[in-house]
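Reader: I am new to this structure and would like to understand the terms used for it. Could you take me through them with care?

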Amino acid sequence: MEIVEQISHVNIDALHLFERAKGYINQIEKQIDELTNGFSYIIHEKIPELFKGGTDLFYDAVVGEMDAHYQIINRNYKKVSEQLVEFKQQVQDVAVTFANRDQALANAITLKSGLTQEAGSIQKTNHYSLEPSKYLPLNMRIKQMKLDIEFKS
């Protein structure tokens with residue numbers, strides 16, 4: 001081995017060949033340790049700071065606003081559902097009334113007489129007014145303020 005090293009002027013020592021690779025592996029290991037420590041710092045130090053006192057007032061305000069908005073949405077949903085049930089009944093009543101009216105008209109033509117049957121009744125339309133929600137835009141502003149404060153801290 002020494003003869004080849006003397007002739008070629010290249011160090012063929014096995015330790016020398018793997019020394020660079022070992023250096024790269026050590027460097028990668030060091031960077032992985034730094035990354036792991038960084039994650040650990042974020043998980044154990046920074047994230048718990050977000051849940052410490054002082055920010056829960058904003059959280060409570062956001063939750064309260066969302067709950068109030070949900071209550072309005074729920075009441076409006078019930079009104080719209082009732083209106084859809086009534087509309088369905090009205091459509092069915094119109095279909096039955098048209099069928100009866102057509103039959104009565106066909107009978108009158110066949111018998112060469114006038115219409116004797118009434119048109120029938122259809123359920124009246126009730127008017128529902130939906131409740132507007134002021135909470136959603138306000139909630140979004142509060143949420144944005146909280147987000148800005150958290151990013152600054």
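**Terms and values**

Author: Among contacts (heavy atoms within 4.5 Å) in the protein between residues at least 6 apart in sequence, 73% join residues at least 24 apart. This is a predicted model, in which local features need pLDDT of at least 70, side-chain atom pairs count only at pLDDT 80 or more, and totals for chains, interfaces and linings use all residues. Residues are numbered from 1 along each chain as its sequence is written, and side-chain values use heavy atoms, with hydrogens and water left out.

Reader: How many helices and strands does the protein have?

Author: There are four helices and zero strands, and from the N terminus on the order is α-α-α-α. Helices (H or I, at least four residues) and strands (E, at least two) are DSSP runs, numbered from the N terminus.

Reader: Why is His69 called buried?

Author: Buried means under 20% relative accessible area, exposed over 50%, and partly exposed in between (1.4 Å probe, protein chains only). His69 has a relative accessible area of 14%, and therefore counts as buried. His69 lies in helix α3 (residues 56-111), and of the 153 residues of the protein, 11% are buried.

Reader: What makes the pair of His69 and Ser133 a polar contact?

Author: A polar contact is a pair of N or O atoms within 3.5 Å; within protein, one must be able to donate a hydrogen and the other to accept it, and residues adjacent in sequence count only if both atoms are side-chain atoms. The side chains of His69 and Ser133 make such a contact at 2.6 Å.
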